[in-house]
Amino acid sequence: MLNDTICAISTALKDGAISIVRMSGPESFDIIKKISEVKTIKPNTIVYSHIKDEGQIIDEVLISFFAAGKSYTREDMVEINCHGGVFVTRLILNLLLKNGCRLAEPGEFTKRAYLNGRIDLARADSINDLIKAGNLVQAKSAIRGMSGSIERLIEPLMGQMKDVISMIEVNIDYPEYEDERQMSNDIIKPYLQKWIAMAEEMIDKAERFRVIKDGLDTVIIGKPNVGKSSLLNALLEKDKAIVTDIAGTTRDLVEGKVSLKNITLNLIDTAGIRETKEEIEKIGIEKTIEAIDQADLIILVLDASNIDEEDKELMERYKDRNTIIVYNKSDLQKGGEISISARNKDISSLTDYLNERYKDDLSLADEDILNNERQIALMKLCLEDLKQTYRHIDYDTTDIIVTDLDSAYHHLCEILGKEYQEDLIDHMFRNFCLGK
Ligand SMILES: Nc1nc2c(ncn2[C@@H]2O[C@H](COP(=O)(O)OP(=O)(O)OP(=O)(O)O)[C@@H](O)[C@H]2O)c(=O)[nH]1
Ligand SMILES: [Mg+2]
């Protein structure tokens, strides 16, 4: 499969100043010679040339050459910087196809970098995460991943597990070597406890960080007319939701996204919660309850000038969730710790509070942390195996213990892609952009 030469347009396919068409594989240098004025190739240089189709000039270009071993894919690679019209870029791509290239699949360049041993799978994850990063925190964590943060993170756990597994195996294979250290359950158990704690901490941090990276799913709730929609509008700095002094104005969920310094909120403004016989409002309140169930954070808004039993009931109902109480209408009456006036766009006590509350989670951006769903899912499988081993250790034979530990260890290998599973690898790279 790696014997063929692949090509793709690596830049976005729309009109722009420059486009890049890439080739990777053993024929790259020969093919470029056929379609340009290049006669000899000096790796790691850029030359000025023309792309020609049957003698006819198609474009004036800059061509970069990367020799196998040092290139992105570790294969011979060529990058053509051409003029960025969609038409010309496609002409060049078609010319490469006509001269022996195959069109690359999405992510195939990075897949080759992985298969040729230049990067591990966690680093490949990070390259994709960087391309898809939507804020600075996401970009920062992806860059850490590209520098090998995942390997650094799980290496201590893998190292210890490998040592213990191999010692148990020696005990099994060579029972006659009595001077070998005997890995009794009393020795293995404390290790297991430590590993379980390590895996749990990694998962916990990764999940807290995921919320910071992707945004907190936040619902704004409260009685009718307390100023929920006014708060949404103040946070978004635009009049997205309708605001009136009629109780029950909002019926549908109104969504918006906002970044407050470093925290991103995926906001939903909801219908005011109250007993009602009105059919449309009732449906709105049902939707509100569903949104509350799925939220990471609940902002419960009160009208500080008018707090009654219904407010207290809502406070009681959501006190065990991640709920913050916001006292609105501070221009009429000051309330508790977080006192705002949504109508006057005076909401700094809320935004300051949120940034302070998530400060510790934000600092996770400077730590080595599991970066995405794939890695978290594999760490969870590893944790399950470790817990299972711990639960059964007093009843199981050494053979079974070592099998369970092996399985836990292999999940860690999979995070780095040291275990090659073709379908999994294909699935992963298919999420990449074409030309990467
Ligand atoms: N004085 C004062 N009035 C406010 C403030 N915030 C909102 N209001 C007023 O309160 C009324 C209700 O505001 P909304 O934002 O529509 O309230 P809501 O909670 O979304 O109401 P429903 O959608 O009906 O549940 C409007 O007349 C707002 O102008 C505030 O900070 N101070
Ligand atoms: Mg409203």
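**View 1. Phe87 on helix 2 of the predicted model.** Phe87 is placed in helix 2, which covers residues 86–98; helices (H or I, at least four residues) and strands (E, at least two) are DSSP runs, numbered from the N terminus. Phe87 counts as exposed because 8 C-beta neighbours lie inside 10 Å. By definition, a residue is buried if 20 or more other C-beta atoms lie within 10 Å of its own, exposed if 12 or fewer, and partly exposed in between, with C-beta atoms placed from the backbone. Phe87 and Leu405 are 318 residues apart along the chain, and their C-alpha atoms are separated by 56 Å. This is a predicted model in which local features need pLDDT of at least 70 and side-chain atom pairs count only at pLDDT 80 or more, while totals for chains, interfaces and linings use all residues. Residues are numbered from 1 along each chain as its sequence is written, and chains are lettered from A and ligands numbered from 1 in the order in which they are written.

View 2. The protein contains 15 helices and 11 strands. It is divided into domain 1 (6–120) and domain 2 (136–417), with bounds that come from an automatic or database domain assignment. The centres of domain 1 and domain 2, taken over C-alpha atoms, are 43 Å apart. Along the principal axes, the C-alpha trace spans about 80 × 80 × 35 Å. The radius of gyration of the protein is 29 Å, whereas a compact globule of 436 residues would have one near 22 Å; the radius is taken over C-alpha atoms, and the globule rule is 2.2 Å times the number of residues to the power 0.38. Of the 436 residues, 38% count as buried.

**View 3. The largest nonpolar core and Leu96.** The largest nonpolar core comprises 98 residues, and Cys7, Leu96, Ile220 and Val326 have the most contacts inside it. Domain 1 (6–120) and domain 2 (136–417) both contribute residues to this core, so it lies between them. Such a core is a set of buried Ala, Val, Leu, Ile, Met, Phe, Trp, Tyr and Cys residues joined through C-beta atoms within 7 Å. In soluble globular proteins, nonpolar side chains tend to be buried together. Apart from neighbours within four places in sequence, Leu96 is in contact with Cys7, Val21, Met23, Ile31 and Cys101; two residues are in contact if their C-beta atoms, placed from the backbone, lie within 7 Å.

View 4. Strand 4 (residues 56–66) holds Phe65, which is buried because 20 other C-beta atoms lie within 10 Å. Not counting residues up to four places away in sequence, Phe65 touches Ile41, Lys42, Pro43, Asn44, Thr45 and Val78. Arg74 lies in the loop between strand 4 and strand 5 (77–83). Arg74 has 21 C-beta neighbours inside 10 Å and therefore counts as buried. The phi of Arg74 is near 70°, a positive value in a residue other than glycine. Most residues other than glycine have a negative phi.

**View 5. Lys345 between strand 11 and helix 11.** Lys345 occupies the loop between strand 11 (323–328) and helix 11 (348–357). Although Lys345 is not a glycine, its phi is positive, at about 60°. Lys345 counts as partly exposed, with 14 C-beta neighbours inside 10 Å.

**View 6. His411 in helix 14.** His411 belongs to helix 14 (residues 398–416) and counts as buried, with 20 C-beta neighbours inside 10 Å. Leaving aside neighbours within four places in sequence, His411 is in contact with Leu378, Leu381, Cys382 and Asp385. His411 and Met167, 244 residues apart along the chain, have C-alpha atoms separated by 20 Å.
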